2 protein chains.
Amino acid sequence: MAVYTEVSDDALRAFLGEYPLGDLIAYRGIAEGVENSNYALKTTAGDFILTLYEKRVDPADLPYFLGLMEHLAARGVTCPRPVAARDGTALRLLAGRHAAITTFLPGVWPRTVRVAHCAAVGTALAALHLAGADYPGARANALGPAGWSPLLTRALADGGAAAEGLAPGLAEELTAALARILAAWPDGLPRGQIHADLFPDNVFFLGGSLSGLIDFYFAATDLYAYDLAVCLNAWCFEPDVSLNVTKARALLGAYAAGRPLSAAELAALPVLAQGAAIRFALTRLYDWAHTPPGALVTRKDPRDYVRRLRFHLAATDAAAYGL
Amino acid sequence: MAVYTEVSDDALRAFLGEYPLGDLIAYRGIAEGVENSNYALKTTAGDFILTLYEKRVDPADLPYFLGLMEHLAARGVTCPRPVAARDGTALRLLAGRHAAITTFLPGVWPRTVRVAHCAAVGTALAALHLAGADYPGARANALGPAGWSPLLTRALADGGAAAEGLAPGLAEELTAALARILAAWPDGLPRGQIHADLFPDNVFFLGGSLSGLIDFYFAATDLYAYDLAVCLNAWCFEPDVSLNVTKARALLGAYAAGRPLSAAELAALPVLAQGAAIRFALTRLYDWAHTPPGALVTRKDPRDYVRRLRFHLAATDAAAYGL
C-alpha cells in the first residue's frame, strides 16, 4: 500500500540516465512495504526495484541500510543489492526524496507458513548474522528495549482509550509486562547487525527454496538472539495464536546449526520473545490508536501480539519452545 | 492502492497450473487501480498481470470486459489481452474471487501531460472505437446519463454537508447543472464500445509512443463522442484547471483524423463535455462524502471537475475547444 511520491516523467528519465541500466521499459507502483514508495522498474538491463524513502525513514540511517545490504549481498546473502549510478553512488535524490535502485529478487512470500519455511528462515537468519559480523556500520535499535517505554507512552496518549476498547485492562497489562521485561533484559549476549523485522512478507521462496530476504529498513545493531525471537513470534504461531512447537524447533534448530546458541542466549529466550512480542504489540497499538476506524487501510490487531506475549510470559525456559 | 485479496501459495500454484505459462518466478501486489486486486506475475513464459475482481465489479459484466479486450487486441489495439487457461477459458476463480490473467504491457503513464500525448490519445481512442465496432457484446453505461441523478442523490445523502463543506452552494449548483445537461443530452449520435475512463494513468508511453491502454472495467456501450469528451476533461486542462486549447486541438484533431466527427457530434461537444465533467465531479463527491477525513487514502477533490464543468457550461460550440 505504498506509493506516496509520484515522479515526473522527465525527472525519472534524468534519474535513470545516471545509471548504466539501459532504456526504461516499465515502471509500476508496488503495493508492498508501508514505509516507503516502491516501484517495480523494468529496463533493457532487467528488473529492479526503485525505492523513494518517505518521512518515516531517517535519511541519516540510509547509508547504514544500503551499506548493510551491499555487504550482505557480497557475502552470499540473497538480499536486494543497491545498484550504483555511474558516479559510484547508490544513494541519490529523486523528486525531493532520497532514492535508491536495488536488484529484483525472484520468489513469492509464503501466505501459509509451513515447517520447511521455518527451517529455511532459521538457516538464512544465522547466515545473515554471520555475514554481517564484519560490517563496519552500526545503528541503535530505535524500536529496541530503550524505545519501548516512550512507545508505550505514545500508544496510551489517548488515556488508554484505544487499548481499553480492544481489551479491558490492556493498558495496565502492557505497562506491567513492560516493567517486568525491562527488569529481566539480559546483558552481555552476542550482538551485531540484525534484520529486526523478518516477517513472512519479507522472505521470498521459489520452488521450495528461500530465494530472498527484503526490507532492511528496521535493521539495527542489537542482540542476535533477539532477532531470532522476532522470527519465533512471526513464523511459529498458528492463526489461533497457539505455538507450533514443530515449527519453533525447526526454526531454532536450523539457526543453531548455522550459529550455535550459547547457554546464556538459550536461557534468555523467554524474555527475548516477550520483548519481541511487546514491541509489535506496541507499534500495532500505536497505529490502532492513530488510524481512524473507517480508514481504508488494514489495521493490524495488536491483540495477536498480546496473546503471544502472554504465552512467552508463562514460559520459564527454552523447553517452552521445544528445546 | 489495490491489494484486497491475499491468495494462498497452494491456491496460486494450483491456479497457475491450469495455464500454459511455465513456472512461477515472482508475484507482487501492484499499487495501481482502485477497484480490483492486481498482481505483477512473472513466470518462465514472461510477465503478466493477475487481477482478482473485487466487489465493486459486477461478475455479470466480466465476460463483456474480457471479451472486449480480446476483441480489441486481436484488431491491433495495444490493450491487455486475456490469457486463456488450458481449457480455453480466461475468466476463472481464485481465492473465492473471479480472476483473470492478462498480458503485461510495457510503458509508463505520463505524470506530466504534453501536447504529443494528447494527439497520441486521440489517435488511439479513434482506433479503439473503430476496432470495437463489430464487437458483439453490449453493456449499459452505469455511470452514463441515466446513472447521474441517482448518483447525485447518493452524493448528497448527507443532506449536502460534504458538498457545502467544499464550496457553499455546490449542492444547488450541481443539481441545476445536471438538470440542464440531461435536458440537452443529444439523441442519435454514433455509439458503440467506449473505454469511459481513459485518464493518463490508464495510458502507457514508451520512447515517446503510446504503448498501451489499460483498465477496461468502466467500458460500456455509449456515445463515441462522449468518450472523447471524457478525454478532453482528463487530458487537456492544466493543473490550474484552465483549458489548454493546443492540447484540445491536438486531441480532437487526431481523433477526427481516425474517425471523422459528424456535425451533430461537433455541435454536441459542449454538453458531452459537461456530462463528462459532472460524472467525475459526482463520483468524487460521493467518495469525498464517504471517506473519513483522516483516512490514509488520497481523496480526489471534486472541485477540479466542478471547475471543468463551469468551463463547459460557458462553452457555446466546438470553437471553445479550438475547432
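**Close-up views of a predicted model**

View 1. In β8(A), A:Gly212 is the bridge partner of A:Phe204. This view, like the others here, comes from a predicted model. Strand β7 (residues 203-206) and strand β8 (residues 209-213) of chain A pair in the antiparallel sense, and four bridges link them. Two residues lie between the strands of this hairpin, and A:Gly207 takes a positive phi near 55 degrees there.

**View 2. Five strands of chain A form an open sheet.** Follow the strands across in the order β1-β2-β3-β5-β4 (chain A), and the pairing is antiparallel. At the edges stand β1 (24-29) and β4 (92-94) of chain A; each has a single partner strand, so one side of each is left without a neighbour in the sheet. On average, neighbouring strands of this sheet are turned by 35 degrees against each other, direction ignored. For a look at one pair, start with β1(A) and strand β2 (residues 37-43) of chain A, which pair in the antiparallel sense over five bridges. Within this pair, A:Ala26 stands opposite A:Lys42 in β2(A).

**View 3. Helix α4 of chain A packs against helix α9 of chain A.** Helix α4 (residues 145-155) and helix α9 (residues 263-290) of chain A meet at an angle of about 30 degrees, with their axes 9 Å apart. That angle makes α4(A) roughly parallel to α9(A). Their crossing is left-handed. On the α4(A) side, the contact includes A:Pro145, A:Trp148, A:Leu151 and A:Leu152, together with A:Arg154 and A:Ala155. They meet residues of α9(A) that include A:Gly275, A:Ile278, A:Arg279, A:Leu282 and A:Tyr286. By class, the contact of α4(A) with α9(A) has 10 nonpolar, two polar and two charged residues.

**View 4. Helix α7 of chain A also packs with α9(A).** Helix α7 (residues 224-235) of chain A packs with α9(A) at an angle of about 60 degrees, and the axes are 8 Å apart. That makes α7(A) oblique to α9(A). The crossing of α7(A) and α9(A) is right-handed. Among the residues that α7(A) brings to the contact are A:Ala225, A:Tyr226, A:Val230 and A:Leu232, while those from α9(A) include A:Glu265, A:Leu269, A:Leu272 and A:Phe280. Sorted by class, the contact of α7(A) with α9(A) has 12 nonpolar, two polar and one charged residues.

**View 5. Helix α10 of chain A comes alongside α9(A).** The axes of α9(A) and helix α10 (residues 303-314) of chain A come within 8 Å and cross at roughly 160 degrees. The two helices are therefore roughly antiparallel to each other. In this view, α9(A) passes α10(A) in a left-handed crossing. From α9(A), the contact draws on residues including A:Pro270, A:Gln274, A:Ile278, A:Phe280 and A:Arg284. From α10(A), look for A:Tyr305, A:Val306, A:Arg308, A:Leu309, A:His312 and A:Leu313. The class count for the contact of α9(A) with α10(A) is 10 nonpolar, two polar and two charged residues.

**View 6. Two domains of chain A are in contact.** Chain A is divided into domain 1 (9-103) and domain 2 (115-321). The C-alpha centres of these domains lie 27 Å apart. Where they meet, 18 residues of domain 1 of chain A are in contact with 17 residues of domain 2 of chain A. On the domain 1 side, the residues that touch domain 2 of chain A are nine nonpolar, five polar and four charged.

Definitions and conventions: Residues numbered from 1 in each chain as written. Chains lettered and ligands numbered in written order. Predicted model: local features only at pLDDT ≥ 70, side-chain atom pairs only at ≥ 80, totals over all residues. Axes fitted to C-alpha atoms, helices over the stretch in contact; angles between N-to-C directions. Parallel < 35°, antiparallel > 145°, perpendicular 65-115°, else oblique. Left-handed = near helix turned anticlockwise from the far one by under 90°. Contact = placed C-beta atoms within 7 Å. Nonpolar A, V, L, I, M, F, W, Y, C, P; charged D, E, K, R; others polar. Domains from an automatic or database assignment. Pairing = 2+ DSSP bridges.
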